[in-house]
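Hi,

Here is the structure I said I'd pass along. Have a look, and my notes on the pockets and one of the sheets follow below.

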Amino acid sequence: MATSAASRTFIFYNGDLILPNGTIPNGAMVCRNGRITALGAASDIATPKGATEINARGGLIGPGYIDIHVHGGDGADFMDGTPDAVRTVLAAHARHGTTSIFPTTTTGSRAQIDAMLHACKKVQRAKSEKPTGARINGVHLYGPYFAEDKVGCHLKSGRRDPEPSEFIEQFDLGIIRIATCAAELPGAEAFFRAASKRGYFVTCGHSNASWTEMARAFRAGMRHVDHFWCAMSTIPTIRDRLGTPMQGSMEQFVLFHEQMSTEVIADGYHLAPELLEFALKMKGPERLCLVTDANRALGMPAGDYRFGPNADGEWFRSDGRVGFQPGRGLASSIVGMDTMVRNMKAMTSATLSDVFRMASLTPAELTGFAHETGSLEVGKRADVLVLNDKLEVQRVFVDGVELED
């Protein structure tokens, strides 16, 4: 049963609280007016008079997930460029436990990307007493600045080199919080410096960059690489591009530098368990994010769909498990963050707290929102999940308001 937005005080109880450094068995947590006001062992937390009681039924109480790399769901893509499409995707991912989201662009025309940015800004700024989906923390400007040989399932004709006359105007809209560019492109350093100056989380993706090019990007403010091992350079691809002697690639640069972070798609199809474990051991949960990279086929039957804009995006196929382009490779995931969390827990040595950190606090810290969300702490937003012992999401709260099924 959904809880009325008018009920402003809640107590979550009869569940283990998941914290960044462990759990509180049989914990309790009080939220008032959309903020967490108290948490601890149930024996230490009094039930406020008139509070709505949320019974976790012996399951888990954890922070809402934060997705920094996500394209679509329920038949819509953020690049469809309408507020209705944006709201559809926000609701789709909230069902899977995502409470904060960074809508992510694909390649496309200037007009298509501008339409997406304006649609997200409109939805973000709309005032609603009762949220119906995940909160937009900001847009991830991902496409169109990809290397020509690393576009993956994105429309190749929609990629281009960064041009200040385009990206500066988009930065000035005030909706972008994550900015991606392939490090080897002409103009990449200017892009990275401009994004870093604005305080964005600056990343490199869909790139065939060498160690030297990554080092230049790092000096310009780049600190993250998108979906590790997917659409990124390796030593052999750098050798093919630049010849011998062989040079380091994005993989070596990320693993060598402590300040670099990255992300994995733990859907069970992009990366084998040993790669998930390797990434966890090499970077640790403080520098590794879980992302969905989900497309519009999430929540939809198997079939053919457009990746990116519905008008002219590349076609891909969903078999109900993953997106792919026959004969070409995978085309992002079709599952939510709840699947990524379950798989990371089942396939690696990560603790429950580690897995939740990678899906919540780590992305919040990297993007500058950890003071507001990402963990169960007094003073933070009441973005809360109730889960069963199989890590299946049972109830979702955004700002202390329960979302409808």
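A quick definition to start: helices (H or I, at least four residues) and strands (E, at least two) are DSSP runs, numbered from the N terminus, and two strands pair if DSSP finds at least two bridges between them. Keep in mind that this is a predicted model, where local features need pLDDT of at least 70, side-chain atom pairs count only at pLDDT 80 or more, and totals for chains, interfaces and linings use all residues. Residues are numbered from 1 along each chain as its sequence is written, and side-chain values use heavy atoms, with hydrogens and water left out.

Now the sheet. Four strands form an open sheet in the order E16-E17-E18-E19, with antiparallel pairing. Its edges are E16 (303–307) and E19 (329–330), each pairing on one side only. E18 (residues 323–325) is joined to E19 by 2 bridges, and Phe-324 sits opposite Leu-330 in E19.

Leu-330 turns up again in the second largest pocket, being among the residues nearest its centre, along with Gly-152, Cys-153, Cys-230 and Ala-231. A pocket here is an open set of points on a 1 Å grid over the protein atoms alone, where a 1.4 Å probe fits, with protein on both sides within 12 Å along at least five of seven lines; lining residues have an atom within 4 Å of a point. This one is lined by 19 residues and has a volume (the space filled by probe spheres set on the points, which are joined across faces, edges and corners) of about 320 Å³.

The largest pocket comes to about 620 Å³. It has 22 lining residues, with Val-123, Gln-124, Ala-126, Ser-128 and Pro-131 nearest the centre. H1 (83–94), H2 (110–125) and E9 (135–136) each supply at least two residues of that lining.

Cheers
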